[in-house]
Amino acid sequence: MPERLDPHVVTDFSDRMTYAGYLQLDQLLAAQKPLSEPVHHDEMLFIIQHQTTELWFKLLLHELRAAIRYVQADDLEPSFKILARVKHIQAQLVSQWGVLETLTPTEYGQFRHVLGPASGFQSPQYRQVEFILGNKDARMLEVHRQTPAAYEELGKALRAPSLYDEFLRHLARRGLPVPKEVLERDVTQPPPHDAGLRAVFRRIYEEPTRYWDAYEMAEKLVDVDEQFALWRFRHLKVVQRIIGQKRGTGGTAGSEYLKHLIDLTFFPDLWDVRTDLRG
């Protein structure tokens, strides 16, 4: 016999919120529009992979902005949960490359032409994540000049202190000797390696009980940095697997461009200090 429906299950939604309504599934599920003709089976995978990535980027930005507000308020502890969540979001982004790499070179080649010059390089949300973590490059604004809203938002992110900058300002307010030139540097540039700042981090790492929250924050930032490097590496390998050494659709050097990003770090002195520590 068929299973009876629990009498408590709601079935009348005439004046109530539905699951599909709350999530606006009509709009969400109508946004996948393959352009190949005839439609190639694997173009749906390609579209959903990148749309999903953009949703995760949206959540990353939501969380990172909240973390910045807590650091600005000298309240580090609430940011720990946020950055732990950021790390898990990044892990999802890393793992989903495994879905895209099921796309073979032959399959991708049959619909790649419909992308024209479109490329993930042009993602304004991805660039905002890079900027908020400190990898600033004003040249990247040019890609978005024809989209005024994105151009304006990225300009603000370029000129705003990064999460790392705000952490360093927090340390200075606590009386730690963060070098003046670091605090007053041009925040539209990526952070430099600085021996004086490395000495501050060495003190924090050698006295974790005294500086426990700063110590924990430093490790959370390294977590985020490491996960980003893993994401870049997986991106590189998927690109190499699918298009080899071809140029990217947006005009980048493809895998050669991605290779030079692998060793990029958002928080250089948090990595450099490990060499200085005893043991």
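**View 1. Residues lining the second largest pocket.** In this predicted model, the second largest pocket is lined by L61, R65, I68, Q72, Q128, I132, E153, K156, A157, A160, P161 and E166. Helix 3, helix 7 and helix 8 (148-159) each give two or more residues to this lining. The volume of the second largest pocket is about 190 Å³.

**View 2. Make-up of the second largest pocket.** Helix 3 supplies four residues, the largest share of the lining. By class, six lining residues are nonpolar, two are polar and four are charged. Among those lining the pocket are R65, E153, K156 and E166.

**View 3. Centre of the largest pocket.** The largest pocket has a volume of about 1,100 Å³. It is lined by 41 residues. Closest to its centre are F46, H50, S119, G120 and F121.

**View 4. Helices around the largest pocket.** Helix 3 gives the largest share, nine residues. The lining of the largest pocket has 23 nonpolar, 13 polar and five charged residues.

View 5. Helix 3 gives the largest share to the lining of the largest pocket. Helix 3 also gives the largest share to the lining of the second largest pocket.

Methods:
Residues numbered from 1 in each chain as written. Predicted model: local features only at pLDDT ≥ 70, side-chain atom pairs only at ≥ 80, totals over all residues. Heavy atoms only, no water. 1 Å grid on protein atoms, 1.4 Å probe; cavity = no way out; pocket = protein on both sides within 12 Å on 5 of 7 lines; lining within 4 Å. Points joined across faces, edges and corners; volume = space filled by probe spheres on them. Nonpolar A, V, L, I, M, F, W, Y, C, P; charged D, E, K, R; others polar.
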